[in-house]
Amino acid sequence: MKEEQAIRIDLCSAGKEKPQPDQLEFGRSFTDHMFLMDYTDDKGWHDPRIVPYEPLTVDPSAMVFHYGQSVFEGMKAYLTSDGDAQLFRPQRNFKRMNHSNSRLCIPAIDESFALEAVKQLVGLDKDWIPKAEGTSLYIRPFIISTEAYLGVAPSRHYKFIIILSPVGAYYKEGINPVKIAVENEYVRTVTGGTGEAKTGGNYAASLKAQEVAEEGIAQVLWLDGVERKYIEEVGSMNVFFKIDGTVVTPALNGSILEGVTRNSVIQLLEHWNVPIEERKISMEEVKQAHKTGKLEEAFGAGTAAVISPIGQLVWEHEHLDINGGQTGAVAKRLYDTLTGIQYGKIQDPFDWVEKVENVRQSSLKASG
Ligand SMILES: *Cc1c(COP(=O)(O)O)cnc(C)c1O
């Protein structure tokens, strides 16, 4: 991709009606514009543009529909009390997108150009960032393979698209522990598979376990695909356990997705001198820790919820209550600090936030 390429902007004629702030549902409504860029084997990535949000025209034989060659990312724009929009560690998302691209044989994108595209798009649709406490604008960059061909091979054509969706607060009545079932039958992925790539197929493979999980189970805890013994992730979050004063999270092993939130949690704990270990951890170890009263906290970490405390684990018909079903002190402190930094309420000692410049529609129209 040529870096000097300017993003062409084609504004929508009239903005859509925005959803009511109290009716924001995750991923249901989308803003006025989207970013698009095409890839062909002869031209590389080209024609970056921001256009009105609208359905795509894609050939029914486009390879993505048949063999699932696609990747995605998930991040958010937050509004500060000064009315500025800001992003949280967005460089990591595009770095990870290229890591996923590599695994899925999709050509790499220019990471800084992709970040520039996000900033322009968010700046343009900034009015769509909801203002209420805990709300944000979810950003979904993704790449699909679009070559019209049914052969099994890497596609020669792609689209890189970014869409935006206003989302409500994840916790409406305060941060709340959930019940999690340990999944013994189905696995998400295995080392050597696509687990460390953010690709749709991993999600397709994960649906069944959630479907068969009993009532009241928020998410499933995935075990490793070989021995069904070691803990991998919880739903679409990374997972942490506080055992006897030390926080433990599964080490990256090729089948675990490396979360931006996971990395931020580790850095914060180190900063606070809370012992943190990245290593293999078995479900048996967690059960033993619970038995001896040493399992102090458990929580998931990901962009959507930030921190999701686990109040109860269900494993082979046993119910393990954690911290009396209450949010633990470490989970609470992490949640308050991360959201504080994201919304610009507290100082950001790590340089994690990245401001988005305002883009005035009138100035864009005038300059064409
Ligand atoms: C996206 C994702 C996460 C969380 O990553 P963040 O960057 O923290 O949002 C964790 N696990 C899976 C499987 C994911 O797809």
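1. A quick word on terms before we look around: a residue is buried under 20% relative accessible area, exposed over 50% and partly exposed in between, with a 1.4 Å probe and protein chains only. Phe88 and Trp352 are both buried, and Trp352 counts as such because its relative accessibility is 4%.

2. Please keep in mind that this is a predicted model, where local features need pLDDT of at least 70, side-chain atom pairs count only at pLDDT 80 or more, and totals for chains, interfaces and linings use all residues. Residues are numbered from 1 along each chain as its sequence is written, and side-chain values use heavy atoms, leaving out hydrogens and water.

3. Now to the rings. Those of Phe, Tyr and Trp (its six-membered ring) pair if their centres lie within 6.5 Å, with planes under 30 degrees apart called stacked, over 60 edge-to-face and the rest tilted. This rule gives 13 aromatic pairs. Phe88 and Trp352 are edge-to-face, because their centres are 5.5 Å apart and their planes stand at 75°. Trp352 also pairs with Phe350, this time stacked, at 4.2 Å between centres and 15° between planes.

4. Elsewhere, ring pairs join Phe35, Tyr39, Trp45, Tyr158 and Phe160 into a cluster.

5. Two charges are worth a look; one sits over a ring if NZ of Lys or CZ of Arg is within 6 Å of the ring centre and within 35 degrees of the ring normal. Lys280 lies over the face of Tyr230, 4.3 Å from the ring centre, and Arg333 over that of Trp272, at 3.8 Å.
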